[in-house]
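Subject: Structure handover

Hi there,

Here is the structure I promised to pass on. Have a look at it first, and then read on for what turned up.

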Amino acid sequence: KAVVSTQSTWGHSNQCSSLQLTTMSSVVWQYGTKVKMSATPWDTPHLAAGAPEPQADPDKVTVLNMRFCPFATRTILVLLTKNIPFDVVNINLKKKPDWFLEKTDGTVSVVKYKGKYVLESLVNSDFVDELDPSTALHSKDPLEKAMGRLLVEKASKMIRPFYGIMMAKGDETRKSKKSARRYLLK
């Protein structure tokens, strides 16, 4: 099992494998150490319509994010696992800035690097992984790599129904649970 050192941009450092880095309730767990995701760099205001595009260091990864988006969290976890320095720009997804809509498809996560925008969390997570090949998260064996990606795809299909259940209120909850159960068990 490959062990990598992770150090976030706010200074926490631990040894962990990519399999031991998981999220639960906006918390990152590293070898039993709880690191709150409300700490910097996540705890920044969400930019809304009318906000100018922030300046970004072209040689540093910038994640366009929404604090509680599980897809954006995926990208951030890869960056933390690989110990790659990064900045976060939170986006208000209900009132998106014009520059964000012009340069992306309007969804998060987006990685901005060297002036280019890499969309979709699985794609930008693979991109980030390849920035530092010395700590590859994927196997070099093509079949093993494909099987790992299939597992991620399968798990990804459960995120939306699960998120719907978590966000449902009142009578909506019962209907959402039934709908999600049908979807997940087909």
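How many bridges join strand 9 to strand 10 (residues 116–119), and do the two run parallel or antiparallel? There are four bridges, and the strands run antiparallel. Please keep in mind that this is a predicted model.

Let me stay with strand 9 (residues 110–113) for a moment. Within its pairing with strand 10, Val-111 has Val-118 as its bridge partner. Two residues lie between the strands of this hairpin, where Lys-114 takes a positive phi near 55°. Strand 9 is also joined to strand 7 (residues 61–65), by three bridges and again in an antiparallel arrangement. There, Leu-64 stands opposite Val-110.

Is strand 9 covered on its faces or open? Both faces are covered, with Val-110 and Lys-112 buried on one side and Val-111 and Tyr-113 buried on the other.

Next comes helix 1, which spans residues 70–82. Its 13 residues reach 19 Å from the first C-alpha to the last, close to the expected 18 Å. Helix 1 is mostly covered, as 12 of its 13 residues are buried. Among those buried are Arg-74 and Lys-82, along with Ile-76, Leu-77 and Leu-79. Just after the helix, Asn-83 takes a positive phi of about 60°.

Strand 9 and helix 1 come together in the largest nonpolar core, which has 14 residues. Val-61, Val-63, Ile-76, Leu-79, Phe-86, Val-111 and Val-128 have the most contacts inside this core. Two or more residues each come from strand 7, helix 1, strand 8 (86–91) and strand 9. Helix 1 gives the most, with four residues. As a general point, nonpolar side chains in soluble globular proteins tend to be buried together.

Conventions:
Residues are numbered from 1 along each chain as its sequence is written. This is a predicted model: local features need pLDDT of at least 70, side-chain atom pairs count only at pLDDT 80 or more; totals for chains, interfaces and linings use all residues. Side-chain values use heavy atoms; hydrogens and water are left out. The expected span of a helix is 1.5 Å times one less than its number of residues. Buried means under 20% relative accessible area, exposed over 50%, partly exposed in between (1.4 Å probe, protein chains only). Two strands pair if DSSP finds at least two bridges between them. A nonpolar core is a set of buried Ala, Val, Leu, Ile, Met, Phe, Trp, Tyr and Cys residues joined through side-chain atoms within 4.5 Å.
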